[in-house]
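Below I note what I looked up, entry by entry.

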Amino acid sequence: MNKKFWKDKKILITGHTGFKGGWLSVFLNLIDAKVSGFALNPVGKYNFFNKVGVKKILKNDIRHNITDLKVLKSSIKKIKPEIIFHLAAQSSVIESFKSPINTISSNIIGTSNILESIKFDKNVKCLIIITTDKVYQNYKIKKHFDENSRLGGDDVYSGSKASCEIIVNSYRKSFFQKSNCKIATVRAGNCFGGGDWTKDRIVKDALESFSNNRKLTLRKPDATRPWQHVIEPLYGYILLAEKLCSKNGKKFAKAWNFGPSTAQNMKVINLVKIIKKKMKTRSKIIINRNFKKINNNVKIFESKYLNIDSSKVFKALNWSPMLSIEKSVDLTIEWHKKFIKKENLLKITKIQILEYLKKINL
């Protein structure tokens, strides 16, 4: 990472009030970028944005729906960002079963609006659109999906994100071939870390249960996921943005996987056992394989296996995961304990990012 590149850079993060968007805001502020945000209000009693106090490090904090093209356009004209990270989305598979239209609107229309807003903008040098590792058509097989694997999705969330990938590629070829703005999509593994209070997240549920010695119920203990600490892909996005803004930026304008090493692709039950051991809890782990039903007995389903191949980004960006699953869990538990003790959460967030940068000699 070139720290001089980021000094005083005007950055726009959509979805800055969410978990990943909040961490990215702190990260970029720490390297002296001028960060602005566009998003809905943070959700829930507890959320990273409010607890950390992200608002005070922002140049602009615009609260509006990404589906409103007129307001989005005027906000971008006001901020004049050089780099945009688009994270605003409905990010839950389970929520997509409850509210499919909202998921489609937020994820597909929202992404289209960002692309439409900067189509003729001369200030924006690069746009990174964060989708998900769930964009691949998963046929319940133990396969590592690379960037050329078939896109698809049997649930609405996955389908909406796969659609985003197709729309981005269409816009890129239709309107950005000769543009100074380079566009990439990024597909990260299952991120966790301090301050993720998003509903139906297993690490959140484990931390809350184990902190209070309550039982933890798992619905899919054998589901395999590519687990990683949230700092890892965010650092990768930052590296990618630098490349997109370089003279050779066009060759980086494509899709990229940012996943952990294969050793960190593990079952939910194994991750939970690591968290339980480290928290020294008496809590019991209960297995309930009866899938929850909602809305007139619509059955929720999720892929059993999900593994992504990130070898392309290892070579092209010299990016690779630095944190073991054990260390990632340690950092998350440390952050959660600071929250319980009502300590300065912006400080601990910055410390964890700085320790990570020190680990990679920056």
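Before anything else, I wrote down what counts as pairing: two strands pair if DSSP finds at least two bridges between them. Strands (E, at least two residues) and helices (H or I, at least four) are DSSP runs, numbered from the N terminus. By that rule, E8 and strand E10 (residues 224–229) pair in the parallel sense, over 3 bridges.

Ground rules: I'm working with a predicted model, where local features need pLDDT of at least 70, side-chain atom pairs count only at pLDDT 80 or more, and totals for chains, interfaces and linings use all residues. Residues are numbered from 1 along each chain as its sequence is written, and side-chain values use heavy atoms, with hydrogens and water left out.

**The sheet with E8**

I traced the order E8-E10-E12, an open sheet of 3 strands with mixed pairing. Neighbouring strands here are turned by 50 degrees against each other on average, direction ignored; axes are lines fitted to C-alpha atoms (for helices, over the stretch in contact), and angles run from 0 to 180 degrees between N-to-C directions.

**Asn190**

I found Asn190 in strand E8 (residues 190–192). Is Asn190 buried or exposed? Its relative accessibility is 15%, so Asn190 counts as buried (under 20% relative accessible area; exposed is over 50%, partly exposed in between, with a 1.4 Å probe and protein chains only). Leaving out residues up to four places away in sequence, Asn190 touches Asp133, Lys134, Arg225, Pro226, Trp227, Gln228 and Leu306, where contact means heavy atoms within 4.5 Å.

**Helices H9 and H13**

Helix H9 (residues 231–244) packs on this sheet and touches E8 and E10, its direction making about 70 degrees with that of E10. I then checked H9 against helix H13 (residues 345–359): they pack at an angle of about 65 degrees, with axes 11 Å apart. H9 and H13 are therefore roughly perpendicular (65 to 115 degrees; under 35 is roughly parallel, over 145 roughly antiparallel, the rest oblique). On the H9 side the contact is made by Ile231, Glu232 and Tyr235, and on the H13 side by Gln352, Ile353, Tyr356 and Leu357.

**The other sheet**

Last, I followed an open sheet of 7 strands with parallel pairing, in the order E3-E2-E1-E4-E5-E7-E11. Its edge strands, E3 (60–63) and E11 (255–258), each pair on one side only.
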